[in-house]
Amino acid sequence: MREKLEKIKLESTTELENVNTLQQLEELRIKYLGKKGELTQVLRGMGALSTEERPIVGQFANEIRDYINEKIEHTEYCLKRRELENRLRNEFIDVTMPSKKKELGNKHPITKVLDEVKEIFVGMGFSIVEGPEIEKVYYNFDALNHNKFHPARDMQDTFYITEDLLLRTQTSPVQVRTMEKMSPPIRIIAPGRVYRADEIDATHSPMFHQIEGLVIDKGITMANLKGTLDVFAKKLYGDNVKTKFRPHHFPFTEPSAEVDCSCVACSGAGCRVCKGSGWIEVLGAGMVHPNVLRNCGIDPEVYSGFAFGMGLDRIVMLKYDIDDLRLMFENDKRFLSQF
Ligand code: DAH
């Protein structure tokens, strides 16, 4: 029995020295000290010993149990320590390392200029409204006094969804929607995307942006239109900018005009930007046609108003001297980060 105990001591020592995980350690504890463990078996067999032998072997067995227990505790301490050291090493953070630079985005030039335009008009008492990009043919054309044969209604020019639905070709339908909902006095601008079946090039895109304006009240005249647009141009491009009205035709205004600003690049002297003319066309405008007022349930004998519509993309290109419209939609960070 003594030899058996010596053997247990020897074997457990080598085995415990080779343990690598807490799991293995637990297995060894069960193997030697568990209910069916080797040492426990020996202690159980002590009944067969003589009265003289029993206390001696018993004492030896206890010594060995204490020895193994101690060894297990020590091994457990070492394993836990090793684990902690590993974690500390792996989860090490170098707080002196320079942090990753957070890239802060900036507004797209179109949004930037739109914000400016909004601010100018809000400052003049306008409110901002929006309309749907998928629009009824009625709002986009009929209510705006386009007759059935107007060329803009052609399939070649306009993206139809169904016979009655299309991607709006202009923000002007928002005029009609507004007049249907609100009663005069009305003073709104309506910015948004518009769509036309145009080939993409430096100055054309099938999607672009417009800002619509509408004022309806008693006694509104062309003078109010001129004054408003002149103030707008000066606020946007600077006090030296002049505006000029040229007669034009739009189905939904009468009289209608195209409005030019003196060239921002050369102050009117003539240059590459204005193609030598000294003027740049910025918008269409006019007095709201009596038919349109009537279509919206407003009595043209009582009320009058003006409307205008400008191409936002063009205004942005002029403001920042951008020579290709495509740059605005390519999402190239090298371009976008310049604004
Ligand atoms: N909707 C016109 C266009 O897309 C622009 C326009 C002209 C709007 C005259 C107006 C206006 O409100 O009165 O070409």
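I looked up the ligand first: 15 residues surround it, and the closest are Gln170, Gln175, Arg196, Gln210 and Glu212; a residue is near a molecule if one of its heavy atoms lies within 4 Å of it. The model is predicted, with pLDDT of at least 70 needed for local features and 80 or more for side-chain atom pairs, while totals for chains, interfaces and linings use all residues. Residues are numbered from 1 along each chain as its sequence is written, and side-chain values use heavy atoms, without hydrogens and water.

I then noted atom pairs at the ligand. Glutamine 170 has a polar side-chain atom 2.7 Å from a ligand nitrogen. A side-chain N or O atom of arginine 196 is 2.8 Å from a ligand oxygen. For glutamate 212, a side-chain N or O atom is 2.6 Å from an oxygen of the ligand.

Next I checked helix H2 (residues 22-33) against helix H4 (residues 53-90): they pack at about 175°, axes 10 Å apart. Axes are lines fitted to C-alpha atoms over the stretch in contact, and angles run from 0 to 180 degrees between N-to-C directions. H2 and H4 are therefore roughly antiparallel (over 145 degrees). On the H2 side, the contact is made by Leu22, Leu25, Arg29, Tyr32 and Leu33 (contact: heavy atoms within 4.5 Å). The contact residues of H2 with H4 divide into seven nonpolar, two polar and five charged.

Last, I looked up threonine 253, in strand E7 (residues 253-262) (strands are DSSP runs of at least two residues, helices of at least four, numbered from the N terminus). Threonine 253 is buried at 1% relative accessible area (buried: under 20%, 1.4 Å probe, protein chains only).

Conventions
Buried < 20%, exposed > 50% of the residue type's maximum accessible area, 1.4 Å probe, protein only. Parallel < 35°, antiparallel > 145°, perpendicular 65-115°, else oblique. Nonpolar A, V, L, I, M, F, W, Y, C, P; charged D, E, K, R; others polar. Polar contact = N/O pair within 3.5 Å; in protein donor to acceptor, adjacent residues only side chain to side chain.
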